[in-house]
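Hi,

Here is the structure I promised to pass on. Have a look at it first, and my notes follow below.

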Amino acid sequence: MLIKNVFKRFGGVKALQGCSLEIEKGKITALIGPNGSGKSTLFNAISALITKDRGKIELEGEDISRMVGYKIAKKGISRTFQEVRLFKHLTIRDHLQIAISDDESLIKSFLVFDGISDKRIQEVLDRVHLDKPLGTFVTDLSYGQRKLLDLAIAIAKPHTLLMLDEPVAGVNPRLRKVIKEVLVRLSKEGETLLIIEHDMNFVMDLADVVYVLDEGRVIAHGKPKTIQKNKKVLDAYLGE
Amino acid sequence: MLENYIIHIAILICIYTIFSVSYNVALGYTGLITLAHVALYGIGAYTSALLTRAGYPFISGILLAGVVAAIFGFFLVYTTRKLKGDYLAMATLGFAFVAYSIEINWTGLTRGALGLPGIVKPALFGFRIGSNVEMLLFVFIVAVISIAIMWRIVRSGFGRLMEATRDDETGVEVLGKNAFAIKAKAMMISAFFAGIAGSLFAHYISYIDPGTFYLTEIILLLTIVIVGGAASMRGSIIGAVLVVVVGDVLRLFDLPSVLIGPSRHIIYAVLLLCVLLYRPRGILGRVDLI
Ligand SMILES: Nc1ncnc2c1ncn2[C@@H]1O[C@H](COP(=O)(O)OP(=O)(O)OP(=O)(O)O)[C@@H](O)[C@H]1O
Ligand SMILES: [Mg+2]
């Protein structure tokens, strides 16, 4: 995926000021940067939840800049939100049924009884080590479990690019390790990942490439090792 | 006498069950806060009454009642697609008011406030319904079929998408589903059955006028759905029985007729308030609407 020169202002706030990134297939790209540097805004611009002022976004050579949100998602972008976003009256099973199935036909679902099998849903849950009955309502899950379900949904939805907004924010160290292992395994299987992370240390031994955002601009990118020593990056973080 | 009365109540319950379950499809299952449902019911009633008065058979009247209401349902979602919550409610109330104004002012078509009298009893395959017992049997069958269809829809994969759209439209879109299309289809299903219920009502009572479908009638429907419980079909059926019986039982007391209307509305309002205060999810509801 290619992101070229994206601009976005919210009133007086310049959230993105000419942001450009290239995400390589089959790699883990990390997007880091201080609070308010525009990381989540970039995700929202990519998935067309906000309209960008300027800029172009290409997915596998196709310009998706003018597509509406659900079409971009259908094209193969799967994402999570910084704040876990679930359907509050639905169960774990419901969520994964919706995520896995790309069918929204009324007539077909009226005539055909079977949906996605519980076995397939269970497989996804096992991947993220979420051990809860499928009929559990999401309001009955703990924060960590909700975070895992959120991840499972994004993984289960058909996609070519997986974008995660702070997948380990607010979770305990044990769960952090679990999630990290899940991500490593996904990457080994050939997935393309774009991960926002606040904490530099988390991404250092995970990411193949790191992009550093500050005030809506990419101030540095490259291998984690070189980024760690980059003076501009250290300044941005210390000046926070 | 009492027997006739009970049959009358039972017929109304069947019609109101279709009506309120269809409302729940939009309001409870899909989260479309619409106050135009009575208008859609009225559009169905007028469509069917006008067609049969023009000599078309009952079957085309009732089916087109559903179809025309569904078209208006689509128009309603389309024009309000950017609105949510209270704003959506206000806009749909506006729609209801426009429908009422048209019914009352387009006298060439609707005879305005004079209403449409002499609407024929339903007839199917050359057999015309004569007695109220036959009418009851007929509306009961239509109610069972209608509810079975709506039940199947809300239990299907599409029903799950309706509920997800109610909970979080953006969440649905992020998973690659067209939330507008889901809302439009859900509203059209809901409106279709409101139209069917309107047609049944017109052909049973045999007279309709714009006042029958005035804005305030939505209170009755809201009471049914909220007392029974949002996103519960059984709840709406129980609600319909309760509200129709409570509303009509007043006639058994010797109240002057000018008091019956207002006191019914007071009873509904009190019922609605009590449920909202002490049991916000209603008798069998699963979701909080707001
Ligand atoms: N919908 C919005 N309306 C107005 N301002 C917004 C909106 N979304 C983001 N902003 C502003 O844009 C800037 C960038 O926000 P963004 O959420 O992208 O930062 P972030 O890099 O994700 O930060 P964090 O690490 O805290 O999540 C902030 O100043 C924020 O206040
Ligand atoms: Mg953020």
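**The interface and the ligand site**

Arg160(B) makes a salt bridge with Asp94(A), with 3.9 Å between the closest N and O atoms; the term stands for a side-chain nitrogen of Lys or Arg within 4 Å of a carboxyl oxygen of Asp or Glu. Across the interface of chain B and chain A there are two salt bridges by this rule.

Before you go further: this is a predicted model, where local features need pLDDT of at least 70 and side-chain atom pairs count only at pLDDT 80 or more, while totals for chains, interfaces and linings use all residues. Residues are numbered from 1 along each chain as its sequence is written, chains are lettered from A and ligands numbered from 1 in the order in which they are written, and side-chain values use heavy atoms, with hydrogens and water left out.

Chain B brings 29 residues to the contact and chain A brings 30 residues (heavy atoms within 4.5 Å). The two chains bury about 2,600 Å² between them, 64% of it on carbon and sulfur atoms (accessible area, 1.4 Å probe, lost on being put together, summed over both parts).

Now for ligand 1, which has 14 residues around it (a heavy atom within 4 Å). Among the closest are Thr41(A) and Gln82(A). A polar side-chain atom of Thr41(A) sits 2.5 Å from a ligand oxygen, and for a side-chain N or O atom of Gln82(A) the distance to a ligand oxygen is 2.8 Å.

Best wishes

Definitions and conventions: Polar contact = N/O pair within 3.5 Å; in protein donor to acceptor, adjacent residues only side chain to side chain.
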